[in-house]
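Open your viewer and get your selection tool ready. We will go from stop to stop, picking out a few residues each time.

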Amino acid sequence: MTFRGTVESDFMKLVKNPQINKANLIDYAGSDFDTIKNNLIEYIKAVYPLDYDNFVESDLGVMLVELVAYVGAVTSMKADFLANENYIRTARTRNGVKKLLELIGVRLKGPISAIANATLTPATPIQAGENVTIPADSRVITVTSPEDSQQVSYTLYKTNNGQIQRTNADGIITLTYDESTGGNIFSNLILLEGAMVTQSGSFTETGGIKFVNLTASPVVEGSIEVVITSKQGTEEPYEQVDNLFFVSGNSQKVFQVISDDNYAATVVFADNILADAPTAGESYSITYRVGGGSRGNLAKSFISFPISINVGLESRDATVENSTRATGGADAETLEHAKRYAPLAFRSQDRLVTLLDYNAFANSFSTSYGSVGKAVTSTRRAYSSANVIDVFILEVAGNLQLKKASPAFKKELIDAMQPKKMITDEVVVVDGLIRTLDLVLTIRISREIKEDEEVIKSQASNIIESFFDVNRREFGQEFIPQALAREVFELPSVIFATVDNYEDTVKVDFNEFIQLNNYTINVVRV
């Protein structure tokens, strides 16, 4: 044998990893596609050094590695997603947040309807001693929304001293001559956005919790009215509560509402242990409205709609008009609002002791007609006034607007707080202050995409309106121009963004709320 100057060795075969050591080469920290792919390649190099060494992108082996990395990345993402959905602060889906809140007896509020004062003018004035009745089918008024040019419906209700009056099981409104101005105009009426639906039936079972599924959706927040008619023909109204398990006595006539993601609702009646329960043979009449949202907000006198009324046995024509602006229409409760206040509401355990309890209650409160508000609370800073709680409140008028709370809203809020507060506390409802802003925003885009200018402006507009959505802002929250510009700058097509008419942070007092009034978007091509 002749020595050629080279030494050959099969040392790579001799240093193969035994089966028991392979698990030690696994990197469990990888979760994204690139990391998992690189970890797999390193594993192959360490365990199969002579079996496979072609790591070019076009090779079949690399394709298989990438497929495994793909599956690993998807599985890791889903595991993280499911883990996040188990905690209220990290949950992202509406269904996930809804189910977590249901565990503590809190529910997400549905869409809110716009409200406006209304007048009814009979074509022929009525005489003293005559009464006007408005049938249920005449109470629904349908017009075209200026927001999306689609039909939007309103339902007529009667008020008594500023409070909405319940209707009977037939849904008929009765007006007396004394409630008019000389028989010409009735002004003790309001219009609530949403088409009225009446659903009736009877109970066949005596014991246990009873459920009635409402057939139409989305159900407007606070619009459900329930009347139970006994076997003797006596009508009994039932009141809505957030949770039947919070009821203090089994004689209360109450019901609970459970909604799905599309706000299709189910009315739940208690058994005779939690609260009073309807019995077999009794019938129910459930009246509610479907609709809601900002599309119901209208200008004053936008509605001038003819309806049919009854005066005695005679049918007459009349006209319904909204004598004030229709405001308050808003979309369903946002996840940000629910995450912020629902845990606080649960912590208060249905009583008001600390200032934080009052604040959570006021911000989670909704009236009998579904209206909600924004609030901040404080104690009087005086030696003898430590137990005086000031609740600064503004009523939601839309996704971007607040308004001075109506007397009816304030009264319902005070009435709801009275049985829950400490006996030594005194609650005073005060009007919050609104600080309006007019903005001028300039965005810079490339000349090459000038044909997409309107689309980019629309995207920037959506970001601005989302930034100033009343559900995302709180009393005393300052406005930082750079924060808004940064959100707009995140648009891929925007090179740079600036707020032109505000350089410094706009600071407000604790009882002031910053609200967007008007905004202008300028586009500069560079």
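**Before you start**

This is a predicted model, in which local features need pLDDT of at least 70 and side-chain atom pairs count only at pLDDT 80 or more, while totals for chains, interfaces and linings use all residues. Residues are numbered from 1 along each chain as its sequence is written, and side-chain values use heavy atoms, leaving out hydrogens and water.

**Stop 1: the largest nonpolar core**

Select Leu120, Val132 and Ile134. Of the 25 residues in the largest nonpolar core, these three touch the most other members. (A nonpolar core is a set of buried Ala, Val, Leu, Ile, Met, Phe, Trp, Tyr and Cys residues joined through side-chain atoms within 4.5 Å; buried means under 20% relative accessible area, exposed over 50%, and partly exposed in between, using a 1.4 Å probe and protein chains only.)

Now colour some elements that give two or more residues to this core, including strand 1 (115-122), strand 2 (131-134) and strand 16 (314-322). Strands here are DSSP runs of E with at least two residues, numbered from the N terminus.

Which residues does Val132 touch? Leaving aside residues up to four places away in sequence, look for Leu120, Ile126, Ile173, Thr174, Leu175, Phe186, Ile309, Asn310 and Val311. Contact means heavy atoms within 4.5 Å.

Apart from this core lies another, of 24 residues, among them Leu441, Ala460, Ala483 and Val506.

**Stop 2**

Next, show the seven strands that form an open sheet with mixed pairing, in the order 8-14-10-11-12-13-9. Two strands pair if DSSP finds at least two bridges between them. At the edges, strand 8 (195-202) and strand 9 (210-213) each pair on one side only.

Zoom in on strand 10 (residues 225-229) and strand 14 (residues 283-290), which pair in the antiparallel sense over five bridges. Select Val227 to find its bridge partner in strand 14, Ser285.

**Stop 3**

Most residues other than glycine have a negative phi, and most peptide bonds are trans. Go to the loop between strand 9 and strand 10, where Pro218 lies. The peptide bond from Ser217 to Pro218 is cis, with omega near 0°.

Then pick Tyr263, in the loop between strand 12 (254-259) and strand 13 (265-269). Phi of Tyr263 is positive, near 60°. Is Tyr263 buried or exposed? Tyr263 is buried, with a relative accessible area of 10%.

Finish at Ser301, in the loop between strand 14 and strand 15. Ser301 also has a positive phi, of about 65°, and is partly exposed, with a relative accessible area of 34%.

How values were computed: Helices (H or I, at least four residues) and strands (E, at least two) are DSSP runs, numbered from the N terminus.
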